[in-house]
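Hi,

Here is the structure I promised to pass on to you. Have a look at it first, and then read my notes below.

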Amino acid sequence: MRKFNFCAGPAALPEPVLRQAQEELLDWQGLGCSVMEVSHRSPEFTQVAETAEQDLRDLLAIPANYKVLFLQGGATGQFSAIPWNLLGGGSKSADYIHTGQWADKAIKEASRYGQVNIVASSEDRNFSYTPAADSWQESDDAAYFHYTPNETIGGVEFPYIPEVKSPLVADMSSCILSQSIPVEKFGFIYAGAQKNIGPSGIAVGIVRDDLLDRALPGIPRSLNWKIAAAGGSMDNTPPTFAWYLSGLVFKWLKAQGGVAAMAELSEKKSALLYDFLDRSDFFSSPVAKDSRSRMNVPFVLADEKLDKLFLQESEAAGLLNLKGHRSVGGMRASLYNAVPLEAVEALVAFMADFEQRNG
Ligand code: PMP
């Protein structure tokens, strides 16, 4: 019996995708073995790779002058790959917005290779908002401008796309494929797969092709986007099962109506939960209203002594993984694409009942 899973990542996957993977696990495409047991260079797997890329291109309307990369090392690998690939083109400095723990990790990594200019920070209010664009201290000669459109831990999401002078780089790990985006406004988009794409072990990169000639000398081969692009993301053995499963998720997304349908659903799901939080005297959201994430909804109980009971009872009610990140405490419900509206309805009903019994 599958339960409602609100995990921040690795997160819920669409049930039909898991069923298909189960059905074809032992004998994939009549080959008498699984997709994990064939060469990544076989015609069958090449087809998987190419179809996944095309489906992702269709879903996000990725222009032809962008390369789609399937990468290893997670989004964290890209925290390093970004400065390695972009700081060798002249400018040795980069702009970063500091909005929470993921931005912080990206900043720390980039600082090892070049000069980082913190354009704005929301640290003064515990990363509970997005700094207003008119307060940013942008530099004139940055190699790129990095931001985190959705901070998975803080549950803070930018409600707009920054207009900046240098190539815009975005960590979309926890919001990719949840709404349509004008890809042409970005230099590089990246995301670890394990939230809205597929299982962990693979990351997606979308890079404008004129940015492929700016690497620092000595860049590690495995981080080099140009090599990845030239070799179809197969310079070395890719995580084939994760790639295959991501491809099934892309097909599922298309069948659901694509990212426009996901955007509508995400609006509905998150509004249901935020409206409830705002009406309650018992639960509350710590995030500024204009920056509330549609994907990750942190919330706190008025009395934190009840946290343990809340988690025990919610789990028993079939609502999994509501514990907030270990660094911030409280609760967090992640509402990625594969989390159905019924899951949020069940969560809100449970919370209303919990409030009545304990409030
Ligand atoms: N960026 C964001 C916004 C994330 O949420 C995460 C993972 N939760 C990461 C980066 C790190 O991803 P990975 O574990 O794939 O390195």
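Which helix lies across E11, E12 and E14? Helix H7 (residues 258-279) does, running at about 20° to E12. Axes here are lines fitted to C-alpha atoms, for helices over the stretch in contact (C-beta atoms, placed from the backbone, within 7 Å), and angles run from 0 to 180 degrees between N-to-C directions. Helices (H or I, at least four residues) and strands (E, at least two) are DSSP runs, numbered from the N terminus.

Please keep in mind that this is a predicted model: local features need pLDDT of at least 70, side-chain atom pairs count only at pLDDT 80 or more, and totals for chains, interfaces and linings use all residues. Residues are numbered from 1 along each chain as its sequence is written.

Now to the sheet. It is open, with three strands in the order E11-E12-E14 and antiparallel pairing; two strands pair if DSSP finds at least two bridges between them. At the edges are E11 (283-284) and E14 (331-334), each pairing on one side only.

Next, the ligand. Among the residues around the ligand are Trp102, Asp171 and Gly192 (C-beta atom, placed from the backbone, within 6 Å). Helix H3 (residues 74-86) gives the most to this shell, with three residues.

Finally, an unreviewed UniProt entry annotates residues 4-347 as "domain: Aminotransferase class V"; such annotations may be inferred rather than shown by experiment. Over residues 4-347 the chain is 33% helix and 17% strand.

Enjoy exploring!

How values were computed. Two residues are in contact if their C-beta atoms, placed from the backbone, lie within 7 Å.
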